[in-house]
Amino acid sequence: MKKACVIGGNGYLALAIIKQLLEKGYHVNATVRNPDDSAKVAYLKKIGEIGTLKLFPADMTVEGSFDDAVIGCDYVFQVAAPTNLMSEDPENDLIKPAIQGTLNILRSCLKAKTVKRVVHTSSACTVSVNQQKGTGYVLDEEAWSDIDYMLKEKPPTWGYIVAKTLAEKEAFKFAKENKIDLISINPTFIIGTPLNGEVPPPINLALCFFSGDKMWMDILKMTQMISGSVSAAHLEDTARAHIFLAENDKASGRYICNAVNTSAPELASFLNKQYPQYKVFNDVVDLPGPAKLSLSSEKLIQAGFEFKYKSLEEIIDSIFEYGKSKGFLSKRTPPTTLENDKCKSLLSN
Ligand SMILES: NC(=O)c1ccc[n+]([C@@H]2O[C@H](COP(=O)([O-])OP(=O)(O)OC[C@H]3O[C@@H](n4cnc5c(N)ncnc54)[C@H](OP(=O)(O)O)[C@@H]3O)[C@@H](O)[C@H]2O)c1
C-alpha cells in the first residue's frame, strides 16, 4: 500500500489531490495548521471517509513541524503556500514563509529516508512574468519569471510571484544538494468545483463576466497584463497531473500544467456567444488586447499525461451549475414590448 503526504491538506487544490489519492487506494497523511479548527477540516474529514486519512498539525514557519507527517511516506505533495495576494507586507507574509516553509518540508523529507519523490506545487507565474513586448510568444519550462523586474517595478501581486519563484528555485537547489528527487508542477488558473465551501479566487475570475463583479474583472485584466495571458486547466486534471508526475519514474524538472490559453476579451466574447440566455457584463472595464503569450504543456503531454478538459467550453461548462448555485449568473432580460415596438418602428422607417 503506497503512502503519500499532502501538505496544506485543507486547501482548494490539496483537497482534490487527497480525494484522488484515496480513490486510488493510497494511505494519506494530510497536514493542516490546526486540526481542531472544525470549519477548516470539515471537508477534509468528509473526503477522508473514502479511505485511510490521518491529519497532522504542521506549520510551514515552524522548523521540524512536518517530521511526523512525512515519516513512512513514498511521496510528498508540497501544495501549501501563503496565498494572500493583497498582503501589505509581502516580504514577511509571503516570501519568507514560502521559502523557509519549502526548505523545512524538504529537511523533514530528508530525515524520513522513505520519501521517493517530492512534488512541489509551484505556479505558471514563475514562468511567464517578463518585460518582453509584442505577442505570439510560446513559453515552456525553460522560462523563468524576471525577479529583478518584479522587485524593481513591484507590479500588483509581485510578492506572491516572487515568493513562488524563489521557493521553486530554492527547492531545486536544496534537492540537488541533498539528492532529493523533486519535481515541480507549474499550474495556470485551476478551475473546477471546489470540494470545500468557499468560492476560490480562480472561480471568481472565470465567472466575473457573469457576476459583473468589477473588482474581479479588474484582477483578471491585471493578471493578463502582468502574466501575459489568461490560462487555465481543470481542478481534476491539475490534481491528476500531480499524482501522474509522482508516479512517473522518468519525470524530472518542471512541468507546466495548462490546458487553455486565452485572454480576458476572448473569455468575454466566448461567454457572450456560448451562453446567450445569460447576462455577460463585458462592457464595464476596458479590456486589454490579445494575450501576449501562451504556455505550453507539451512536456507533460509528451510524458503521457492526457487532459480530460481540453477546451474553455469544457472547463466553463463544468463549473456552470456551481456558478448558478452561487448566484453568479443572471438571465438576460428579454426586451420589453415597448422596446420591441421601438425596434420594429425603427426598422420599418
Ligand atoms: N488556485 C490556483 O489557481 C493556483 C494556480 C497556480 C498555482 N497554485 C498553487 O497551488 C497551491 C494550492 O493553491 P490553492 O488555490 O489550493 O490555495 P489555498 O486553497 O489558499 O490553499 C493554500 C494552503 O496553504 C496552507 N498554508 C498557507 N500558509 C501556511 C503555513 N504557514 N503553514 C502551513 N500551511 C499553510 C493553507 O492553510 P490554511 O487554510 O491554514 O491557511 C491552505 O491549506 C499553492 O501552492 C498555490 O500557489 C494555485
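Residues are numbered from 1 along each chain as its sequence is written. In this predicted model, local features need pLDDT of at least 70 and side-chain atom pairs count only at pLDDT 80 or more, while totals for chains, interfaces and linings use all residues, and side-chain values use heavy atoms, with hydrogens and water left out.

## Overall build

The protein has 15 helices and 12 strands (DSSP runs numbered from the N terminus; helices are H or I with at least four residues, strands are E with at least two). Its radius of gyration is 22 Å, close to the 20 Å that the globule rule gives for 349 residues, so the protein is as compact as a globular protein of that length. The radius is taken over C-alpha atoms, and the rule is 2.2 Å times the number of residues to the power 0.38. The C-alpha trace spans about 85 × 45 × 40 Å along the principal axes.

## The two sheets

Strands count as paired if DSSP finds at least two bridges between them. Angles run from 0 to 180 degrees between N-to-C directions, and axes are lines fitted to C-alpha atoms, for helices over the stretch in contact.

An open sheet of 7 strands has the order β3-β2-β1-β4-β5-β7-β10, with parallel pairing. Its edge strands, each pairing on one side only, are β3 (52-57) and β10 (253-257). On average, neighbouring strands of this sheet are turned by 20 degrees against each other, direction ignored. Strand β2 (residues 27-32) runs parallel to β3 and is joined to it by 6 bridges; T31 stands opposite F56 in β3. Helix α11 packs on this sheet and touches β4 (75-78), β5, β7 and β10, its direction making about 160 degrees with that of β7. Helix α7 (residues 158-178) lies across β5 (117-121), β7 (182-187) and β10, at about 165 degrees to β7. Contact here means heavy atoms within 4.5 Å.

Another open sheet is formed by 3 strands in the order β8-β9-β11, with mixed pairing. Here β8 (189-191) and β11 (260-262) are the edge strands. Neighbouring strands are turned by 30 degrees against each other on average, direction ignored. Strand β9 (residues 230-234) runs antiparallel to β11, with 3 bridges between them, and V230 stands opposite T262 in β11. Helix α11 (residues 235-247) lies across β8 and β9, at about 75 degrees to β9.

## Two helix pairs

Two packed helices are described by the angle between their axes and the distance between the axes.

| Helix pair | Angle | Axis distance |
|---|---|---|
| α12 (residues 264-274) and α14 (residues 312-325) | about 70 degrees | 12 Å |
| α4 (residues 90-112) and α7 | roughly 20 degrees | within 9 Å |

The angle makes α12 roughly perpendicular to α14, whereas α4 and α7 are roughly parallel to each other. Angles under 35 degrees count as roughly parallel, over 145 as roughly antiparallel, 65 to 115 as roughly perpendicular and the rest as oblique.

L267, F270, L271 and Q274 in α12 meet L312, E313 and I316 in α14. By class, this contact of α12 with α14 has 5 nonpolar, 1 polar and 1 charged residues. Ala, Val, Leu, Ile, Met, Phe, Trp, Tyr, Cys and Pro count as nonpolar, Asp, Glu, Lys and Arg as charged, and the others, Gly among them, as polar.

The contact of α4 with α7 involves residues including L94, I95 and R107 of α4 and W158, Y160 and E170 of α7. Its residues divide into 16 nonpolar, 3 polar and 2 charged.
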